[in-house]
Structures are given as structure tokens and as C-alpha cells.
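Subject: Structure handover, with notes on its salt bridges

Dear colleague,

Here is the structure I promised to pass on. Please have it open beside this message as you read.

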Amino acid sequence: MLTNGTGDTGDVKLPSVVPGEELRRLRLELGVSLGKLAKDSHYTKGYLSRVETGDKPMTAKMAQVCDSVLGTGGVLTRLVAQTTAEQQRRSLLEVCPYRGLAPYSVADAGWLFGRERATTALVRLLSERLSGAGPTMVVAASGTGKSSLLQAGLVPALHRGALAVQGSHRWPVVTMRPGDHPVRELLARVADTVGADEGYLRSALDDSVLDLAKVVHEAVNVGWPRSPNAGAGALDPARLILVVDQFEEAFTLCADTRERAVFVRAVQALSTAPVRSEGWEGAAALVVLGMRADFYGPCLAFPELATALRQGQLPLEPMRVQEIRDAVVRPAHAAGLELEPGLVELILRDLGDVAEGEAGQEGGCEPGALPLLSHALLATWQERREKLLTVEGYQRAGGMAGAVAITAERAYERLPESQQEAARAVLLRLVRVNDDGRTTRRRATREELAHQTGGPAGAAGEVVEAFTRARLLTADAGKVTLAHEAVLRAWPRLRGWIEADAMALHAWQQLSSTARQWEAEKRDAELLPRGSRLTSAREAAVHLLAVVGEVERAFLDAAVAQEVAEREREQRRTRRLYRLLAALAVLLVLALISIAVAVYENDKAFAERQAAESSELAVRATAVSSSRPEVSMLLAASAWQRAHTTAAASAVLSTQAQAYAGRLSGHRDRVKAVVWSPDGRHLLSAGADGCVRMWNPRTHRQVQAVFRGRSPIRALAVARDRAFVAWGNDSGEVTLRESLDGDAVRLPLRRPTSRPGERRGAC
């Protein structure tokens, strides 16, 4: 039993609070989580959360169930019973019919207007694909309302039996977002909905995606009625309806490419794999994927998704003028509110891009405008006068352009100064910066947001609560995220924070993604960063926005340990190399010394050998100097060439002191005259053979035959100053030549004919 705070256990005096607030207080006091209360009371966590925040009224039945689960002794039942009819009427007026930046959920179906045409088109397309043709894809730009269409439009329509299949209104519906681990999320949601064991589903998926489809079909059809009434045919087997919202998270949040591929194959198999059951054949599930249009390209990399985009795509058009009017007016009327005349026209004008199309057709609003419109209406409702939504309240809230910024600034400024820095860290952790620089939302746990905020204890939780009350954040199932990506663009302060810390955010997200992949790959050392990448990762880890969990810390520690080990190995290798180089240098020096000694000894031996040979030749030259002066001179010269010894020098000088007639071989008879040429470089000789020859005195070789005659030449003369050469023969002829190369001129001088018997030579 709960006490009233004074120790009494009797009737508790009910506080002046609404039932939802009292339910939250009692639940927290007992330490019961929202998930446990949802499980025990059979209400969804989302519905209980909205009751606690006042978005939904607490019914008498719900009060009884919660009293029973929590053991409050009927506190909530009595609190609900004491509510008067007037209070109920005022409570209705206190319910905002607009969701702000948050998408409409299944529980908000009564407030969704203006999407009837799109819902009908989606149901029609889904009906056409009942034969197992694959996923149906709803593609639209961010802020077009695809999440609200799927949650508050499609799912309630299916529950109403919109599909033309008997019993389809009872088919189980699973709604999910891929998140960081889409396969794990898929198996958990399916297991929770159909009552199957998650481990069993995982085992089937590990075998093949076809086995998963078969197991899901069997789980869905456990207890499914085969004969609804007597005489009627059996119902077709039930199918699972899988609605995957924010499908782009499989690309933005899931870092494991293999898990992403398995997830795509799984949803494809659920919607296409033929399952046979008692003569019936069809797919195990109807799958609907909601995706942002700017992720069209990544989807085309998967053939399964390319086929769905080609054959089963519903491009979600922007809302038309009348649809926008319905979305503004009809929720207000349903909540008992009235709109001041001119408010709707002002809103349509502020939308800016709502215009008349060609040929009188209505144009659509700009993509991304719906969240701003919904939040502007929420802010206008907060500024209402009794039950009247006014133009003044709309303008005071900031209108279409400024409502989000004003709401966010108010929530931020209400925070104590000590929590404002924590708010920056918390909000930036809910932002993801992609490789191409685009920013998107990301989900985070409260524990992650509370970690390393840099503020006082509990600051992150207070920030989350403040911005959740302002409808800028949504919190469910332990995860927190921005209510819509429009907040990223519409709030200048947040936009400035993102621009300032975009590089740090991206670096940290890269680190976190790589660490998770490393963990998934059983800590493969090849995935650890090195060098500059490790430096960047360590810098990212110490940034104020970084949330270093166990996986990231282990990842960085392993990378640092690997780098230290590699550095030590490199240092050891370097030291070994230095030692080897030093040894080689010593060996090289020793080798050079050895070579130098060997060369010296060789040169010395050669010099000694040359000196010995020179001495021997000098002795031989001296021995033959008198008998064979020519040989003596050659031996002495050879001795001097071998080595400049004293004996060789003495032999050379001795031979030079002897008279020696050199031999010039070439004349065929006696040589009669010898003179030097006019230039002094050659020797001229004349002989009895009638020839004048030129010799090289150095080589003792004939250079040329200057003259060839028949009569012996006995006289030869040279005029050096005039370069004349003249010779005379026995025939009495004198020949004059101006130069050795000039023409010979015979002078007319004759003497008597030669004596009988005188011999003439021939050249």
C-alpha cells in the first residue's frame, strides 16, 4: 500500500493533479519502468507515455488496470472518477490536436486529416502486391509527412480491413525503424508481435532468409481460424504486415554493410518468398518501406530494392490546398476548438509555395513545410484564447518561419546557465553528419546522452525533459531523438553549433562506426587505425561531444597497443639495421685497408721487380756498349723505362757518350749525301741508286721518296732561308726544288758523258 506521505495507510487525499501525472509519480516511486508497466498492463509504452505527459486522457478501465499492476489501492480509479463532466470538457480542450514536429502515430489517427487520398492510393498499391511481388516503397522528401501517413494513415486503415482479404483486419502489424542494427531490431519486433522466440528467428535467418520467411509464416498462423463459420470456406493464411519507417537509417545509422545487406534480403524474402500452406501459396508478409527521396541512389545498389522502386513505388506528393485546409481546420474542430477568420488564409500565404498549378490544378506545398506548419499550429494552440486559435497567437508564436526557432530558444533560455552547455552537448549528440556533409537525426539512449555532458549530474536528463516538453525531442523505449529534421534547419542556434562542430561530430561518428564494425568482425586487427587515422580518432575521442563507450575504448586501446607494438618492432628493426650497417662499415674499412695494403705490397713488389730488371738491363747495356752500341742504347733506354735507378741512368749517359751511326734502311745502293730538311724535322738522303729520300729521325722510317732517277746522286744541299733543296747526279744534271712538295726544276748544266763501266742504280 502507498502512504499519503504522513505514514497513514488509510484513504489517500488525492492531489490536485491530472491522472497521467499521478500515474508517473506512482510508477517512479515504486521503481517500475515504463516497459514493465506496459507489459503487465497490456498497453503500449507509447500510449502510456502519452497518458503520463497529458497528451491522452486516462480512462476508467486503464486506471483500474494500472491500480492493479502497481498495487496503489485504487488511487488512480478514484482520481479518474472524481473528474466532473466540465473537467472532461476542459480536458478535451487541453488536448492539442497538432503533433508539432513529431510524426503522427497510430494513436493519433483521429487527428490526421488531409491524407485520405494518399492513404487510399497506398492501400490500393498494397492490394495489388498481395501475390508476393516484393516490398512497397513510399518515397518522399523529408518533411512531406510519410511517417504520419504510414503510422496514422495506413496502419489504422489496415486495422479497419481496408485490404480486400477476409480477416486481414486481424493480421499482426509490426512498425519499426532500422536504427543502428536493423536485423536485430527486425527480429526483436517480429518476435514480440507474433510471440515467437527471437533466438529461434535468428537461427532461421542464419540458415537462410527463406527459412526466416517460413518460420514467420508459421508463427503468424498459430491458432489462426481455418473455418470462420459453418459452411464457409477456410480463411487464407494470415500474413505479417511489416511497416519500416525511416528506411534510410539502414544507410545512415547502420555501419555494418553486411548487416545492411542481410536486412534488405530479409525484408525482400518476407515479401516475396513463396510459402505453401494447405494448398495456399503466397508471401509470409506484406512489407512497406518509407524512405527519403534523397536516398534513392543508395537503394539502386541493391537489385531487390531497385525492383521495388521500379514496380512498387508510391511517390508521396505534397499536400494540396484543400488538403492543407483540412489538416489545419478539421483537427481543431475535432478538439472543440475554433479558428479566428483569416487565420487559415494567413497560414496558406505563409506557406509561400502553395499556388495554383497549371490548367487550374491545385499546386502542392514545398517539401519540408509540413513539420513547420504542424509546429506553428502547436505553438498557436499554446497561445490560444480559451478555445479560439487567433491570428495574434499565430504571429506571437513566430508563424511558419519562426515558430520552431522561438520554441527552441524559449526552452533553451529557461534552462539554468549550468545546463545550457549540457544542452549543446545533448543536442549535438542527436545529430549525424554524413560523409557528404548532410546532417540527419540520430537516436541515442539517455545513458549515452548523460555520459560526459560536462555539466552537473542529471543535467542531460533535465535537458531532455525540457526539450521533450517543448515537443522538440521525442523519447520512447529508452531512446531520444529530434522530433523532426526540420529542427536542424529552423533553429539558428543549433545550426550554428552544428557548423562549428561538424568536423568533430563526423570524426567521432566515424570512430564509433569503425569501432562497432571492428567489434562485429571479432576484433580484426586489420580494421584498427594507424598513423594519422589513429591520431584523428584519439583527438575525436577526447572531444567534449564524444561518448566513449566500452567498445570505443577497447577499440582505441587496441589501436594504441598495436601502434606501440609496431613502433617497438620498427625500433628493434631499426636498431638491427644500424648494427648491421655498422658491422658492414667496419668490414668495409677493413676490406679497404686490406686492399690498400695488398695494393701497396703489390706496387712495392712490382717496383722491386722493375728495379731488378732495370739493373739487369743496365748491366747488359754496359757490357755490349763497345761492341754493339745500338743494342747498348736500346738496353739502356729499356732499363730507364723499367725503373729510374742509378744504374739505368748511368747506362743511358754512357751510351750517349759513344759515337753511333744510326741505320736508315731503304736505299738500294750507297748513300752519297745527307742533309736536314729546311724545317729541321726530317733528314734527306741521296744515294747511288738515283733517289732522294726523306726520313723521320725518331722512328728511323722513310717518310717519302722525294725524287727517283736513274743516275747516281752525289751531291745534296738545302737553303734553309729559302726552303730550296738541290741535288746533282753523275749525268751532270742539277735539280732544284723550291720545297719538298713543289715541282722539281732541272737546271741546264751538263758535264761529259759518264765514264765507261760506271754503274747506274735504279730506284
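This is a predicted model: local features need pLDDT of at least 70, side-chain atom pairs count only at pLDDT 80 or more; totals for chains, interfaces and linings use all residues.

Residues are numbered from 1 along each chain as its sequence is written, and side-chain values use heavy atoms, with hydrogens and water left out.

The structure holds 28 salt bridges, a salt bridge being a side-chain nitrogen of Lys or Arg within 4 Å of a carboxyl oxygen of Asp or Glu. One of them joins the side chains of Arg117 and Glu323, at 2.9 Å from N to O. Because Arg117 lies in helix 7 (residues 116–128) and Glu323 in helix 16 (residues 321–334), this pair ties together parts that are 206 residues apart in sequence; helices here are DSSP runs of H or I with at least four residues, and strands are runs of E with at least two, numbered from the N terminus. Glu323 is buried, with a relative accessible area of 11%, whereas Arg117, at 35%, counts as partly exposed (buried means under 20% relative accessible area, exposed over 50%, and partly exposed in between, with a 1.4 Å probe and protein chains only).

A salt bridge also forms between Arg693 and Asp689, whose closest N and O atoms are 3.8 Å apart, and both of these residues are buried.

With kind regards
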